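Try each one yourself before you read its solution.

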Amino acid sequence: MNPAVLQCGPALDTLGREHVESAPCGHAPMLPSIFNGCSSLTSVTIPDGVNLIGTLAFGRCIKLTRVVVPEGVTLIEDSVFAGCSGLTTVSLGQNVTSIGQRAFYQCSGLISIDLPEGLTTIGSGAFDFCIS
């Protein structure tokens, strides 16, 4: 495994990396498209200090299989995991209140996702083409 350390700031070059480990970065958003199209990522643990995950942050990461979203995240924006066809397991923190449009669109391998009790909004098409 060749981990990348996620820190607040510009997008990281993750080519050749299989796992993204993360460092706390205060109460900050995870930038839109920060890992969009990273074909080597297989698992991600979002930092504890992140409060929202930006649009397409992990879009088209086709080898991504597992994601852990911490308690601090309240919002998963539109298309965050769209096209992650290998994604099978998502662990959402209990403070997620909103999942954006097409957030898990075309996650055809998705088997397990526990929706938090306080979830109030699921956007249009959030789970379209999740056929498992």
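The accessible surface of the protein chain comes to about 6300 Å², and 51% of that belongs to carbon and sulfur atoms; such areas come from the Shrake-Rupley method with a 1.4 Å probe, and for residues only the protein chains shown count as cover. This is a predicted model, in which local features need pLDDT of at least 70 and side-chain atom pairs count only at pLDDT 80 or more, while totals for chains, interfaces and linings use all residues. Residues are numbered from 1 along each chain as its sequence is written, and side-chain values use heavy atoms, with hydrogens and water left out.

**Exercise 1. Describe the make-up of the protein chain.**

Step 1: Start with the elements, taken as DSSP runs numbered from the N terminus (helices are H or I, at least four residues; strands are E, at least two). The protein chain has 0 helices and 11 strands.

Step 2: Turn to burial, where buried means under 20% relative accessible area, exposed over 50% and partly exposed in between (1.4 Å probe, protein chains only). Of the 132 residues, 41% count as buried.

Step 3: Look at contacts, meaning heavy atoms within 4.5 Å. Among those between residues at least 6 apart in sequence, 26% join residues at least 24 apart.

**Exercise 2. Find the largest nonpolar core and explore Phe-58.**

Step 1: A nonpolar core is a set of buried Ala, Val, Leu, Ile, Met, Phe, Trp, Tyr and Cys residues joined through side-chain atoms within 4.5 Å. The largest one has 31 residues, and Ile-46, Ile-53, Phe-58, Leu-64, Phe-81 and Leu-87 have the most contacts inside it.

Step 2: Leaving out residues up to four places away in sequence, the residues that Phe-58 touches include Met-30, Phe-35, Ile-46, Leu-64 and Cys-84. Phe-58 is buried, at 0% relative accessibility.

**Exercise 3. Work out how the aromatic rings pair.**

Step 1: Rings of Phe, Tyr and Trp (its six-membered ring) pair if their centres lie within 6.5 Å; planes under 30 degrees apart count as stacked, over 60 as edge-to-face and the rest as tilted. The structure holds 5 aromatic pairs.

Step 2: Phe-35 and Phe-58 are stacked, at 5.3 Å centre to centre with 15° between the planes. Phe-35 lies in the loop between strand E3 (28–30) and E4, and Phe-58 in the loop between E5 and strand E6 (66–68), so their pair ties together parts that are 23 residues apart in sequence.

Step 3: The ring centres of Phe-81 and Phe-104 are 5.2 Å apart and the planes are at 15°, so this pair is stacked too. Both residues are buried.

**Exercise 4. Place Pro-47 in the chain and in space.**

Step 1: Pro-47 sits in the loop between strand E4 (43–45) and strand E5 (50–53). Pro-47 is buried, at 1% relative accessibility.

Step 2: Pro-47 and Pro-70 are 23 residues apart in sequence, and their C-alpha atoms are 7.0 Å apart in space.
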